[in-house]
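Please look over the model below before reading the notes.

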Protein chains: 2
Amino acid sequence: MTDQTPYVPPRVWTWDSESGGTFASTNRPIAGPTHDKPLPVGKHPFQLYSLATPNGVKVTVMFEELLAAGYDAEYDAWLINIGEGEQFGSGFTEVNPNSKIPALVDRSGPEPVNVFESGAILMHLAERFDAFLPAAGPARTEVINWLMWQMGSAPYLGGGFGHFYAYAPEKMEYPINRFAMEAKRQLDVLDRHLANHEWMAGGAYSIADMAIWPWYGNLALGRQYDAGEFLSVHEYEHVVDWAKRIDARPAVQRGKMVNRPSGDPAGQLRERHDASDFELRTQDKLDAAE
Amino acid sequence: MTDQTPYVPPRVWTWDSESGGTFASTNRPIAGPTHDKPLPVGKHPFQLYSLATPNGVKVTVMFEELLAAGYDAEYDAWLINIGEGEQFGSGFTEVNPNSKIPALVDRSGPEPVNVFESGAILMHLAERFDAFLPAAGPARTEVINWLMWQMGSAPYLGGGFGHFYAYAPEKMEYPINRFAMEAKRQLDVLDRHLANHEWMAGGAYSIADMAIWPWYGNLALGRQYDAGEFLSVHEYEHVVDWAKRIDARPAVQRGKMVNRPSGDPAGQLRERHDASDFELRTQDKLDAAE
């Protein structure tokens, strides 16, 4: 039953900082730093400032895959707690004026280079090491097609579907329908493609898989937004199979632990500064099991 | 006054093809072709299938800039009418399984290469001609940072703000607030950056400018969603100045006409198959003025 005055937008939008649901306190209509806070710098050539969201996991998986393949990609991964507004610290906004994780400082060259946006970080590392992205030719174009597909599609899944289904202060039918339809369409795009491709692009595991897996792989495995049943994710069988193949990779298992501050203690590594950090975590797990 | 039963999502989402507002008929939860229709192929090495939306304009501006700079980037631009579902034709989905414009077939090499997602097309052309994207170094990383920023940000402007402010069947306060705040934040990110940069990245006009201008440049110039006053776009002075600098470029003037099927006749060129097509259009304009 409806008896509601239709909403009429004002002539000029103004900020009501009280509204917004989960993450409301971290959403602002203005950019720039809110406080002075330099970033820590560790001993390795790559300094990552991140959190184990899907966009964060893309990059830690890439680092772990590079290390597993023998490249000299040692990194320090520092935790940025977005719930506490650490992305608005002055050091962070200097690296990424967009105040989003992940952000990377590449100190392997003559001068530090700031890299932001998860897709840009994947490209930067792939080109730096000539790995997981063909250097030229149609296979390179294919990988970049699907990497860009992920960058342009996931906002509908995360900022659209995930927000309205899981985080908004109340359930709204129209936005949930709009974004559920798009999330299912995207899953179907992937499912049809993966029906006759082992990997997303270029005939090999690449940064396209690493970009798509944390969003759509986890979604297909029922790990995102508690929405597996709602979106009937089991129907996308080829996505599920591909997601499991990637999930089984040891580097992926490590990458998804990094900068995860909560949840199962055995699945989290708050910060990563050395390969042995994972072994210590495994030891913690064995200790806990005793 | 509100007397409304709260919405409770069903356990399993199902498609109600009646809902959805403007563009509802073109939104579907399934991918793949809906009908057989091969794509036309013209005489030039590059075959573009597009429409003059912001994502389409990115690519036609790039082609016109390449041609203006003397590169051999001759192209046929074919109109894809998304209101009539032409993006679901079998020929189109073969090139782009995601059924979105723009899509490109590069026939300049030994075999045709399919390129989709506007950001991927910009990268592909930039690397093909070594133009508007530095080949290596920090300037290259900067350009890719901002290109990726555009790819991940504009869905909040187009699929979020634009949809709920301009196209949804009714005005909903929460989604409009959510996405207006984000659109303003994005404009502020750009404004602070452009306060001390002539161009977005790398010290020169690049594919980052070409990607960002059709969305945020047009927004700042009051041409998107009739939302200039609502978002107070005049406050983002550095974005406005940068947008005007780009708007004044002859290649941009040409690029934004291509694949535009409606509006001011002098500003539209339904298809583009030859540089002289623009001159004919100018002649039409002179004729009409007589």
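How many salt bridges does the rule find across the interface of chain B and chain A?

1. The rule finds four, a salt bridge being a side-chain nitrogen of Lys or Arg within 4 Å of a carboxyl oxygen of Asp or Glu. One salt bridge joins the side chains of B:Arg11 and A:Glu229, at 2.1 Å from N to O.

2. On provenance: this is a predicted model, in which local features need pLDDT of at least 70, side-chain atom pairs count only at pLDDT 80 or more, and totals for chains, interfaces and linings use all residues. Residues are numbered from 1 along each chain as its sequence is written, chains are lettered from A and ligands numbered from 1 in the order in which they are written, and side-chain values use heavy atoms, with hydrogens and water left out.

3. Extent of the interface. In chain B, 72 residues are in contact with 72 residues of chain A (contact: heavy atoms within 4.5 Å). The two chains bury about 6,700 Å² between them, with 61% of it on carbon and sulfur atoms; buried area is the accessible area (1.4 Å probe) that two parts lose on being put together, summed over both. B:Tyr7, B:Trp13 and B:Tyr174 supply 12% of the area that chain B buries against chain A, more than any other three residues.

4. Polar pairs. Between chain B and chain A there are 32 residue pairs in polar contact, both residues at pLDDT 80 or more. A polar contact is a pair of N or O atoms within 3.5 Å; within protein, one must be able to donate a hydrogen and the other to accept it, and residues adjacent in sequence count only if both atoms are side-chain atoms.

5. Which elements of chain B each supply at least two residues of the side that touches chain A? They are β4 (113-116), α3 (118-129), α4 (137-167) and α5 (173-194), where helices (H or I, at least four residues) and strands (E, at least two) are DSSP runs numbered from the N terminus. The most comes from α4(B), with 17 residues.

6. Helix α3(B). Of its 12 residues, 10 are buried, so α3(B) is largely enclosed by the rest of the structure; buried means under 20% relative accessible area (1.4 Å probe, protein chains only). Among them are B:Met123, B:His124 and B:Phe129. Just after α3(B), B:Asp130 takes a positive phi of about 50°.

7. A:Asp188 lies in helix α5 (residues 173-194) of chain A. A:Asp188 is buried, at a relative accessible area of 10%. Apart from neighbours within four places in sequence, A:Asp188 is in contact with A:Tyr236, B:Pro29, B:Ile30 and B:Ala31.

Conventions
Buried means under 20% relative accessible area, exposed over 50%, partly exposed in between (1.4 Å probe, protein chains only).
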